[in-house]
Amino acid sequence: MKAHIIENGLVVNTIEVSDLSVFEGLVDGSVGGIGWTYADGVLTAPPDVYPDNQPAPTSQDVNAERDRRMFSTFTFGGVAYDCDDASLSRITGAATLAGFAIGAGSPIGNLRWHGGSVDFAWIAADNSETPMDAQTSFAFGQEAAVNQSTHIFAGAAIKAMNPIPQDYATNESYWG
């Protein structure tokens, strides 16, 4: 059964227990969740608005912030790169091609692994060029995937909070 842990009249965690009566200070968790208040034996849902009269953030708000973060830029090797849909598609394609080149034996430092007549390079968000061998290009693609995954899971964790913190968009600690 679910049980709430209460601190200073606020549900701070919900855990699974086999018998609620065995644990002192736990409250039946069949209703309510983290962020609910507890007083005089009653659980109360958090208000729909925050104390400063701002509306509570919604899952759609978190999704919009997640997408803004995912599809703007990401950092690889200390350099920022674009990561919009078109850029992400190109990064994925280059990383896939790089994986095949590595499998075919392309050595570290070979900048013509892609089969072209010029060295392979990626244009950064500041328009500078970063030469990349196949191994670097593959790692670049992996980092782009990590950027996407990190934001997807961070957004899911924020949406699971009850209530969603008002500073979800500005507090970097939520976004990993």
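In the predicted model, W122 is buried, with a relative accessible area of 13%. F120 has a relative accessibility of 13% and therefore also falls in the buried class, for which the limit is under 20%.

The aromatic side chains were then examined for pairing. A pair of aromatic rings is described by two quantities, the distance of the centres and the angle of the planes. Seven aromatic pairs were counted in the model. One of these pairs is formed by F76 and F140, whose ring centres lie 5.3 Å apart and whose planes make an angle of 65°. Because an angle over 60 degrees counts as edge-to-face, the pair of F76 and F140 is assigned to that class. F76 belongs to strand 6 (residues 73–76), whereas F140 belongs to helix 3 (residues 134–160), so the pair ties together parts that are 64 residues apart in sequence. Both F76 and F140 are buried.

F120 and W122 form an aromatic pair as well, with a distance of 6.1 Å from centre to centre and an angle of 45° between the planes. This arrangement is tilted. The residues of both pairs belong to one aromatic cluster, which consists of F74, F76, Y81, W113, F120, W122 and F140.

The C-alpha atoms of F153 and G176 are 9.4 Å apart in space, while the two residues are separated by 23 residues in sequence.

How values were computed: Residues numbered from 1 in each chain as written. Predicted model: local features only at pLDDT ≥ 70, side-chain atom pairs only at ≥ 80, totals over all residues. Heavy atoms only, no water. Phe/Tyr/Trp six-rings, centres within 6.5 Å; stacked < 30°, edge-to-face > 60°. Helix = DSSP H or I, 4+ residues; strand = E, 2+ residues; numbered from the N terminus. Buried < 20%, exposed > 50% of the residue type's maximum accessible area, 1.4 Å probe, protein only.
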